[in-house]
Amino acid sequence: MSLEKQIQTDIMSAMKAHETVRLAALRGIKAAILLAKTSEGGNGEVSDADIVKIIQKLVKQRKESAEIYSGQNRPELAENELAEAAAMEVYLPKQLGEDEVKEILKGIIAETGASKPSDMGKVMGVATKRLAGQADGKMISTLVKALLA
């Protein structure tokens with residue numbers, strides 16, 4: 001079953017179970033998918049890989065919003081954003097831990113021959129492609145800086 005069909009099925013089950021937070025999260029994903037399908041340059045089809053990218057973007061937005069709400073002393077809104085992010089993360093591939101990412105980055109640094117901080121661009125180009133969907137870009141960047149320092 002494609003990811004889009006799975007999300008549609010889960011929307012129906014969330015409606016029947018009266019899971020409002022999960023339903024809101026799934027409707028947000030569906031709306032983003034429809035927007036991607038109908039955007040300029042779109043061919044009316046969205047692959048599962050594209051849907052994963054869309055969901056990653058939505059999760060990141062929810063987490064950033066929760067951070068802002070926490071900073072403004074609005075914990076109830078922050079909790080809602082984090083709950084929606086958690087409901088969306090179910091559809092993402094398993095995230096690698098920091099130690100696993102560090103080992104992969106050490107291999108990439110050896111491959112590219114990077115040795116100084118100015119080589120960060122070479123490493124990041126390869127790392128972001130290889131770790132796409134498996135690790136947060138901010139974590140990758142921080143680890144690459146630390147390993148090249």
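Modeller: A residue is buried under 20% relative accessible area, exposed over 50% and partly exposed in between (1.4 Å probe, protein chains only). This is a predicted model, where local features need pLDDT of at least 70 and side-chain atom pairs 80 or more, while totals for chains, interfaces and linings use all residues. Residues are numbered from 1 along each chain as its sequence is written, and side-chain values use heavy atoms, without hydrogens or water.

Colleague: Happy with that! Is N73 buried or exposed?

Modeller: N73 sits in the loop between α3 and α4, helices being DSSP runs of H or I with at least four residues, numbered from the N terminus. Although not a glycine, N73 has a positive phi of about 60°. Most residues other than glycine have a negative phi. With a relative accessible area of 64%, N73 is therefore exposed.

Colleague: How far apart are the end C-alpha atoms of helix α4?

Modeller: Helix α4 (residues 75–89) has 15 residues, and the expected span is 1.5 Å times one less than that number. This gives 21 Å, which agrees with the distance between the end C-alpha atoms, 21 Å.

Colleague: And which orientation does α5 have to α6?

Modeller: Helix α5 (residues 98–112) and helix α6 (residues 120–130) pack at about 130°, an angle from 0 to 180 degrees between N-to-C directions of axes fitted to C-alpha atoms over the stretch in contact (heavy atoms within 4.5 Å). Angles under 35 degrees are roughly parallel, over 145 roughly antiparallel, 65 to 115 roughly perpendicular and the rest oblique. So the orientation of α5 to α6 is oblique.

Key: Helices (H or I, at least four residues) and strands (E, at least two) are DSSP runs, numbered from the N terminus.
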